[in-house]
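The following paragraphs are intended for a reader who meets this structure for the first time. Please keep the sequence and the model in view while reading.

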Amino acid sequence: MSRKFGRGQYRSPELVRVSGTSPQQVGDSAPAPTATSNGENVSLSALHPGETGVVVELAGGRGLLGRMTSLGFTPGAEVTVVQNYGRGPLIARVRGARIALGRGEAGGVKVRRRPV
Amino acid sequence: MLVALAGQPNVGKSTVFNLLTGLDQHVGNWPGKTVERKEGTFNFNGTTYRLVDLPGTYSLTANSAEEVVAREFIIRERPDVVVALVDAAILERSLYLVAELLALPTPVIVGLNMIDVARQEGVQVNPAALEAALGVPVVAMVATRNEGVRELVEKMDQVAHGQVPYAPRPPQVRADHRQILEEIEGLIAACVAGPYPREWVALKLLEGDQEITRMVEACLPDERREALHSVLRAHDDALVAVAGGRYEWIAQAIRAAVAHPRAGQIGLTERLDRWAAHPLWGLLILAGALGLIFWLTYTVGTPLQNLLDVYVVRTLARLARAGLSGAPAWLAGLVADGMIGGVGAVLTFLPILAIFFAVMGLLEDVGYMARAAYVMDGFMHLMGLHGKSFLPLFLGFGCNVPAVLGTRVIESRRARLLTILLAPLVPCTARMAVIALLAPAFFGSAAMLVSWGLVVLSLAVLALSGVLINKTIFRGQRAAFIMELPLYHLPNWRTIGLLVWQRSLAFVKKAGTLILAVSVVVWALSVLPYGNVDTSFLARIGRWLEPLGRPMGFDWRLVVALLTSFVAKENSIATLGVLLGPGGKAGVAETLAATFPAATGLAFLVVQMLFIPCVATVAAIRQETGSWRWTLFSVGFLLLVSWAAGIGVFWLATLVRLS
């Protein structure tokens with residue numbers, strides 16, 4: 001489990017872990033969406049269209065993380081998946097903007113699925 | 001007075017820039033970067049303002065050349081005011097750049113653009129409340145209807161002259177970051193001088209900004225560098241925390257300023273995207289759009305090109321010959337064939353170039369470009385490319401030049417470079433014209449099939465090269481696919497018109513000289529020393545290179561034809577017309593078919609398809625890569641590929657006894 005609460009001086013509780021792994025390794029294939037249990041952590045690519053999650057963790061190289069955060073993906077941000085056909089890139093709405101992400105990039109965004 | 005115009009992409013920066021500066025603008029590149037730099041002047045209240053349009057960036061952390069350019073300008077040139085445009089419909093995200101700008105010492109005013117679109121999308125923003133929260137002037141505006149722009153300039157004027165109190169409330173460094181920042185500041189104190197604010201540099205180091213890290217490391221003594229490294233390593237997740245902090249600041253700033261009276265409604269963009277971004281319908285819509293581009297090229301571009309060639313270029317050549325009738329023959333030849341030939345090549349490119357710039361500009365302006373990239377991303381991935389590489393490559397079917405110039409839409413340098421390297425492998429209209437003329441003579445009724453096969457072969461080589469170059473030179477790194485899908489909106493014809501004008505002009509200015517020079521050199525080689533092609537230096541070079549062509553059954557004449565196609569692809573026909581003797585251009589194909597076996601003919605067509613692009617494309621490659629090394633690599637690579645493919649096809653054809 002990668003969540004670390006209050007370790008060190010400045011990690012915020014909701015900020016979990018930023019690993020240096022590349023997104024391809026993290027989730028090129030979507031984990032099969034399981035039956036909705038409340039508040040489970042899944043990767044963004046597992047959300048169905050219309051589902052909303054709260055970002056808990058971002059994975060990726062520095063460059064990708066820089067781009068993701070400047071496009072609105074930070075821990076605590078609400079993300080709603082607009083389009084996701086189970087393969088190929090997907091569209092998500094975050095902080096009012098519509099962002100297209102490759103499946104690998106979306107796999108690096110872990111969200112806590114909001115119960116519907 | 002110096003003013004910088006900043007903003008994230010798609011916030012209407014160009015519209016405001018064009019409104020303020022009109023035609024009084026200068027377009028070039030930022031020094032050492034292939035990032036467009038636009039600058040213009042305007043007068044207000046007796047003051048002359050120099051307005052610099054900064055590249056559209058989401059943040060000021062170095063993810064690409066654009067961010068570096070934007071912040072270097074603000075830090076080093078110290079503009080009197082930075083006008084930051086934000087999109088009211090995406091206020092939260094738009095303000096991220098403002099959060100970064102406020103950390104710099106230059107005064108900022110905020111243009112709250114697109115309040116009409118925001119209202120349509122169910123977002124209401126109160127500018128006064130936002131102004132109070134940010135502590136900087138906020139002006140509501142609708143740039144496309146020229147509303148609020150005057151007020152924006154008035155505010156800018158007041159701030160520039162210090163007539164209004166300016167008390168920004170920038171994001172504060174979080175308490176838990178303060179100590180680390182002070183530690184970093186202490187380590188770098190001796191190093192950071194001049195225009196760079198020390199706290200800002202420390203923050204960028206904490207964010208892992210590569211450019212700043214390199215800058216600081218270059219001047220730190222070893223033991224301090226080690227100390228800095230260990231601090232940064234211990235906090236390597238700070239990037240996300242710092243960004244999160246900025247969004248927290250934004251959330252507080254907009255809490256009082258934004259209302260969602262009609263939350264949850266489905267906007268126009270969402271409805272359009274159900275079709276335009278659909279995996280199947282999206283592709284069909286894209287195919288339709290592409291069909292339209294082709295239709296435009298063939299019904300408007302090609303005829304215009306011919307008209308220009310017949311009425312302008314040839315008339316000019318005739319006039320030059322008449323005017324120089326008293327002068328030595330070589331001078332008339334130099335002017336009429338060498339120089340006007342080169343000018344003609346540039347000139348006849350313009351209609352097609354303008355059409356493609358217009359189409360690219362239109363698709364970008366209405367917001368469709370991002371959707372095209374989105375639906376094509378999966379396919380482009382196979383070649384290690386980005387969805388955004390698709391449209392520029394597709395444009396290559398018309399002409400390779402706009403394809404290369406069009407790669408500017410791709411942010412990642414690596415993906416852009418790969419797209420540029422692959423673009424010449426897309427068969428352009430000029431190559432297809434040569435094929436259309438020669439294929440029937442060799443293959444009769446099978447010519448259509450052969451032409452089709454050649455196109456397929458080109459694209460197969462393109463795909464293969466993409467995979468190969470990506471795997472080897474770029475070591476399989478893949479450009480991350482993450483981009484914004486902007487809201488759709490009506491096109492701004494003024495913006496598109498100016499874009500077409502500036503891009504075409506830039507091409508003529510930059511590439512024009514190189515094209516002219518090459519045209520003159522090739523002409524000179526083809527007449528020196530005795531005045532005819534058969535005994536010219538070019539023929540000698542052709543004979544010298546003949547061994548390379550022999551495995552395909554080429555003799556020196558075919559080699560020379562290929563060499564002259566460097567000026568313009570159609571030239572190989574004209575050259576063969578001269579070298580193969582009487583019969584003129586019309587009989588060339590028949591004479592050629594009678595002289596060479598079909599296998600050689602096929603190999604010639606293959607080489608012609610894959611050969612180095614015309615000089616205009618090479619000039620564009622040089623302009624866009626900013627590097628002779630990559631330009632030469634491209635030329636060398638294509639020479640090798642076309643030669644290998646020619647030999648391969650010749651052997652295959654001989655094997656199946658094609659005769």
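Two strands are said to pair if DSSP finds at least two bridges between them. With that in mind, one may turn to a place where the two chains meet in this predicted model. Strand β6 of chain A, residues 97-101, is joined to β10(B) by three bridges, and the two strands run antiparallel. Within this pairing, I99(A) lies opposite E484(B).

The contact between the chains extends to further elements. In total, 37 residues of chain A are in contact with 35 residues of chain B. On the side of chain B that touches chain A, at least two residues each come from α3 (91-101), α7 (175-188), α11 (238-255), α15 (368-381) and β10 (482-484). The element that gives the most is α11(B), with six residues. Sorted by class, this side of chain B comprises 20 nonpolar, seven polar and eight charged residues.

Chain A may be considered next. Chain A contains three helices and seven strands, and their order along the sequence is β-α-β-β-α-β-β-β-α-β. Of the 116 residues in chain A, 49% are buried. Among the contacts in chain A with a separation of 6 or more, 63% are between residues 24 or more positions apart. R95(A) belongs to the loop between β5 (90-94) and β6 of chain A. R95(A) counts as buried because 22 C-beta neighbours lie inside 10 Å. Most residues other than glycine have a negative phi. R95(A), although not a glycine, has a positive phi of about 50°.

Chain B is divided into four stretches by the domain assignment: domain 1 (2-160), domain 2 (175-259), domain 3 (276-428 + 460-509) and domain 4 (513-655). Taken over C-alpha atoms, the centres of domain 2 and domain 3 of chain B are separated by 41 Å.

Strand β1 (residues 2-7) and strand β4 (residues 47-53) of chain B pair in the parallel sense over four bridges, with V3(B) opposite L51(B). Strand β3 (residues 36-44) of chain B pairs with β4(B) in the antiparallel sense over seven bridges, and N43(B) has T48(B) as its bridge partner in β4(B). The hairpin of β3(B) and β4(B) has two residues between the strands, and there N45(B) takes a positive phi near 50°. N45(B) is not a glycine. Is N45(B) buried or exposed? N45(B) is exposed, because 10 other C-beta atoms lie within 10 Å and a residue with 12 or fewer counts as exposed.

The loop between β4 and α2 (65-77) of chain B holds Y58(B). Y58(B) counts as buried because it has 25 C-beta neighbours inside 10 Å. Leaving out residues up to four places away in sequence, Y58(B) touches S70(A) and L71(A) as well as Q8(B), Y96(B) and L97(B). From C-alpha to C-alpha, Y58(B) and C399(B) are 32 Å apart in space, and they are 341 residues apart in sequence.

The final topic is the nonpolar interior. In soluble globular proteins, nonpolar side chains tend to be buried together. Here the largest nonpolar core has 226 residues, and V83(B), A84(B) and L112(B) are those with the most contacts inside it. Apart from neighbours within four places in sequence, the contacts of L112(B) include V86(B), A88(B), V125(B), P127(B) and L130(B).

Key
Residues numbered from 1 in each chain as written. Chains lettered and ligands numbered in written order. Predicted model: local features only at pLDDT ≥ 70, side-chain atom pairs only at ≥ 80, totals over all residues. Buried ≥ 20, exposed ≤ 12 C-beta atoms within 10 Å, placed from the backbone. Contact = placed C-beta atoms within 7 Å. Nonpolar A, V, L, I, M, F, W, Y, C, P; charged D, E, K, R; others polar. Core = buried A, V, L, I, M, F, W, Y, C linked by C-beta atoms within 7 Å. Domains from an automatic or database assignment.
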